[in-house]
Amino acid sequence: MATQRYDIVIFGASGFTGQFVVEEVARIADEERGLTWAIAGRTMSKMQKVLEQASKKTGKELDSTPVLIADTTSETSMVEMCKQAKVILNCVGPYRFHGEMMVKAAIEGGASHLDISGEPQYLESMQLKYHNKAKESGVYIIGACGFDSIPAEMGVVYVNRQFNGEVNSVESYLEIMSGPEGVAGNTGTLESAIHGIAHAGELKSLRKSLFPESLPRFKHQLTKRGAVFKSEVIGKYCLPFLGSDKSVVYRSQRYKHDVLKQRPIQFVPYLVKDGLISVVGNILFGLLFLIMSSFSLGQSLLMKYPSFFTAGFFKKGGPTKSQIENCSFKMTFVAKGWSKKLEEPLSDPEEKPDTILTAKVAGPELGYITTPICMVQSALVVLKEADKLPKDGGVYPPGAAFLNTSLIERLHKHNVTFTEVKE
């Protein structure tokens, strides 16, 4: 990379999540000696206000932080911004509308690009369209580098590392803890979810183009659970987790099978609820959201009155300071497999899996504390461990990109912890 490039440029710094990413970079800049960074967005006054607020919150002097002006309506400005960066942290969503032009600009400008998207259509489309172009440019395009889906991806990587043998399957159980005010999200996340559901029909043909051949079907498949079940591991009721984790992890397992010629791991994520009333409420909300997201009037009503239609879960202005401070999460990973490594990596043993390993990934509030931590530490890995990333660049999910890196250790030091549960 040219010497005049900043190590990190945060694009969309004045957005709701972007502000938290700025604060996180400001916090870690001292421990990463020599790190150079800048922020970017459409309006200078808004950028300066973000720096003022971040300075107050972190106690860091940020007056001299460089500000770049770039706008998604100007391709030239975006390419020029990318030419000044080694790694772009793209915080401008929904990525369905704004992500592709940023990816194109990054490839043209010679910058690696990380985002925090949880939108499968966007993520998979970028891999299909731009993997070879990114390799030609020698840059890395890595999506889903926030809570979607670093804890899930690196949780699977972690249990695979800890497992003394061969992993066949992993189930994850997500628990979200909150204070008396509950949990809330910003309307930007809501908008991404609405359009994801509205255009879910695009995924089948997209995935057929991305992966023309199916993975081999191994003998020992994960047992299909009911739509609602009580977990023997957690001791609480569980539902299928409908976020992007499953599809993101699947792409990493495709990389493991197709490129590394190793046995892929089956993965199914679940959401943990405290009781049947919570389960029923979750199902009813899900049905309402699904119906309203499927037609334009419903989408408009959801965006106009988010707090009403989501019972306060999404609201304009996002969560309060108290909600953020009192929220946390933990994910329990249950890996099953064989006690010995298979002699042939892609073989299919007759014997049933005989070994179980349980691990936990835990961290602070999901969207505005854990997400910036994951995104910033991922960027530092791209900057410092290029020799451990897939060779020559490309478009990758996190589990493939960071498979052989120190990301887990970095996250563990920054309050997103990985621990094996000993019996």
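Colleague: By class, how many nonpolar, polar and charged residues are in the lining of the largest cavity?

Modeller: Keep in mind that this is a predicted model. The largest cavity has a volume of about 110 Å³, and its lining includes Glu 153, Asn 160, Tyr 255 and Leu 403. Sorted by class, that lining comes to 6 nonpolar, 4 polar and 2 charged residues.

Colleague: Which elements give two or more residues to the lining of the largest cavity?

Modeller: Among the lining residues are Val 156, Val 157, Ser 252, Gln 253, Gly 399 and Ala 400. The elements that give two or more residues are helix H6 (150-162), helix H9 (245-258) and helix H15 (398-401).

Colleague: And which element gives the most to the lining of the second largest cavity?

Modeller: That cavity has a volume of about 60 Å³, and its lining includes Tyr 122, Leu 123 and Met 126. Two or more residues come from each of helix H5 (120-137), strand E6 (140-142) and strand E13 (394-396). With 3 residues, the top contributor is H5.

Colleague: By class, how many charged residues has the lining of the second largest cavity?

Modeller: Asp 115 and Arg 251 both line the second largest cavity, and Asp and Arg count as charged. Next to 8 nonpolar residues and 1 polar one, the number of charged residues is 2.

Colleague: Moving on to pockets, which residues lie nearest the centre of the second largest pocket?

Modeller: The second largest pocket has a volume of about 350 Å³. Helix H1 (16-28), helix H13 (321-325) and helix H14 (366-384) each give two or more residues to its lining. By class, the lining has 8 nonpolar, 2 polar and 6 charged residues. Of the 16 lining residues, those nearest the centre are Phe 20, Glu 23, Arg 27, Ile 324 and Ile 369.

Colleague: Phe 20 also turns up in a ring pair with Tyr 368, so is that pair stacked, edge-to-face or tilted?

Modeller: Planes under 30 degrees apart would count as stacked, and over 60 as edge-to-face. Here the ring centres are 5.4 Å apart and the planes are at 35°, so the pair of Phe 20 and Tyr 368 is tilted.

Colleague: What kind of aromatic pair do Phe 308 and Phe 309 form?

Modeller: Phe 308 is exposed, with a relative accessible area of 67%, whereas Phe 309 counts as buried at 19%. Their rings are 5.0 Å apart, centre to centre, with 85° between the planes. Over 60 degrees is the range that applies, so the pair is edge-to-face.

Colleague: How far apart in space are Leu 35 and Phe 308?

Modeller: Leu 35 has its place in the loop between H1 and strand E2 (37-41), and at 14% relative accessibility it counts as buried. Leu 35 and Phe 308 are 273 residues apart in sequence. From C-alpha to C-alpha, the distance in space is 44 Å.

Colleague: Which ring does the charged end of Arg 263 sit over?

Modeller: The charged end of Arg 263 is 3.9 Å from the centre of the ring in question. That ring belongs to Phe 218.

Colleague: Last topic, cysteines: how many disulfides does the count come to?

Modeller: A disulfide needs two cysteine sulfur atoms within 2.5 Å. For Cys 82, buried at 0% relative accessibility, the nearest cysteine sulfur is that of Cys 91, 13 Å away. Cys 145 is likewise buried at 0%, and its nearest cysteine sulfur, that of Cys 374, is 8.7 Å away. The count of disulfides comes to 0.

Conventions
Residues numbered from 1 in each chain as written. Predicted model: local features only at pLDDT ≥ 70, side-chain atom pairs only at ≥ 80, totals over all residues. Heavy atoms only, no water. 1 Å grid on protein atoms, 1.4 Å probe; cavity = no way out; pocket = protein on both sides within 12 Å on 5 of 7 lines; lining within 4 Å. Points joined across faces, edges and corners; volume = space filled by probe spheres on them. Helix = DSSP H or I, 4+ residues; strand = E, 2+ residues; numbered from the N terminus. Phe/Tyr/Trp six-rings, centres within 6.5 Å; stacked < 30°, edge-to-face > 60°. Buried < 20%, exposed > 50% of the residue type's maximum accessible area, 1.4 Å probe, protein only. Lys NZ or Arg CZ within 6 Å of the ring centre and 35° of its normal.
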